[in-house]
Amino acid sequence: MSVSESNQRCLVPKRVDTTRWGSRGDAVKPVNNGYTQYKEVLSELSESSYEAKGLLKVLCKLETSIYLVLWDDLLQRINSVSKKVQGYNADLNTSVSLLISLRSFIASFREKFPEYEKLGMNKSGCLTYQRSEKRPRKQSVKMTPLDYGHSKEAELSDSDHFRINCYIPVIDHLTTALDQRIAAYQEVVGYFGFIRQLHILSDAEIKVHASNTVKMYSDDLDDDLYPELLHFKHYIIDIPEFQSENGQELCVEGRMYKLIIKHSLEDVYPNTCSLLEIYLTLMTTNVTCERAFSKLKLRKNRLSASMTQTRLNDLSIMDIEYDLLKDISYSEIIEDFAERKSRKVLTGSRV
């Protein structure tokens with residue numbers, strides 16, 4: 001029975017979008033989940049299409065099936081963390097914690113190759129590797145003349161060759177890239193990471209952190225930050241509103257800042273307020289540029305070729321910040337626009 005006659009359902013394959021890194025996960029998931037169905041479809045089409053025959057040949061390789069299972073597991077976790085980090089309410093401390101945990105999760109895959117090799121064999125139905133490159137069946141590693149005695153040549157099996165030269169380099173490349181991203185963030189987090197632990201830190205620890213932060217941001221903060229933080233520490237401990245479940249959707253630093261603004265305490269804690277403003281306005285990702293390029297394609301088309309740069313920027317911002325725009329009331333804006341653009345009716349005789 002062909003796939004068209006069966007009632008089996010599978011996800012529709014998707015293209016990889018150049019402006020969205022997360023599209024790679026969306027492209028891998030359908031092929032991994034519907035591997036058997038896609039394989040049967042390509043088998044039927046391969047009788048009349050050389051392109052389908054070539055795709056089927058690649059799909060039946062054991063390396064391909066292992067990579068499908070591996071990348072699906074990795075990319076789903078990477079996409080989940082990426083969406084959280086790119087959220088409007090994401091904060092730097094939480095983002096770094098997520099990246100560190102993701103790095104540990106990916107590094108654990110170095111020892112899981114036997115599991116993915118078994119899954120790949122079951123998925124592809126192959127018992128041996130079908131090499132994508134023309135190379136000898138065995139790779140010999142010769143010993144140097146300085147080695148003690150005369151040992152035989154060490155040989156790597158196909159499985160070991162794929163694990164050492166293909167599987168492990170993928171894991172190492174991902175962990176190295178995450179290490180670079182984490183290192184760039186941790187230097188900044190070192191100045192602000194103590195804020196969310198303010199209520200459990202000792203006075204001596206708060207003094208050290210406050211001194212380091214004042215040295216870094218000397219133009220915005222002064223030496224009064226330390227006594228302010230001590231005072232603010234006892235304030236948030238004693239106030240029930242901060243400990244309640246209301247506002248739990250915000251990060252700890254966001255709840256602190258909201259508490260100061262709500263009770264008009266900017267004059268009481270000026271340095272603390274400035275410290276929280278600096279932290280909460282730090283960018284955690286460069287997603288704005290990524291979104292801007294994707295929105296630009298929608299706005300700057302052949303029908304809008306004569307659009308001015310100012311109008312293009314305004315429309316792009318409206319598209320990018322649509323979540324904020326949809327909550328705005330347009331009635332006052334329309335009334336203001338009508339008053340400015342309405343024609344004045346002159347009454348009385350003309351002079």
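## Where α6 meets α7

Contact here means that heavy atoms lie within 4.5 Å, and in this predicted model such contacts link F113, Y116 and E117 of helix α6 with S159, F162, R163 and Y167 of helix α7.

Two packed helices are described by the angle between their axes and the distance between the axes. For α6, which covers residues 113-124, and α7, the axes come within 12 Å and cross at roughly 110°. Angles of 65 to 115 degrees count as roughly perpendicular, and α6 and α7 are therefore roughly perpendicular to each other. Their crossing is right-handed.

Leaving aside residues up to four places away in sequence, T175 touches R103, I106 and A107.

Helix α8 runs over residues 203-216, and its 14 residues should span 20 Å at 1.5 Å a residue, which agrees with the 20 Å between its end C-alpha atoms.

Which residues of α8 are buried? They are I206, A210, T213 and V214, and, seen down the axis of α8, these buried residues fall within an arc of 100°, so they line one face of the helix. An α-helix has 3.6 residues a turn, so residues three or four places apart point the same way. The buried residues of α8 pack against α7 (158-192), α9 (225-238) and α12 (270-280), whereas A204 and K215, on the other side of α8, are exposed.

Conventions. Residues are numbered from 1 along each chain as its sequence is written. This is a predicted model: local features need pLDDT of at least 70, side-chain atom pairs count only at pLDDT 80 or more; totals for chains, interfaces and linings use all residues. Side-chain values use heavy atoms; hydrogens and water are left out. Helices (H or I, at least four residues) and strands (E, at least two) are DSSP runs, numbered from the N terminus. The expected span of a helix is 1.5 Å times one less than its number of residues. Buried means under 20% relative accessible area, exposed over 50%, partly exposed in between (1.4 Å probe, protein chains only). The arc is that of the directions from the helix axis to the C-beta atoms. Axes are lines fitted to C-alpha atoms, for helices over the stretch in contact, and angles run from 0 to 180 degrees between N-to-C directions. Angles under 35 degrees count as roughly parallel, over 145 as roughly antiparallel, 65 to 115 as roughly perpendicular and the rest as oblique. A crossing is left-handed if the near helix is turned anticlockwise from the far one by less than a right angle, and right-handed if clockwise.
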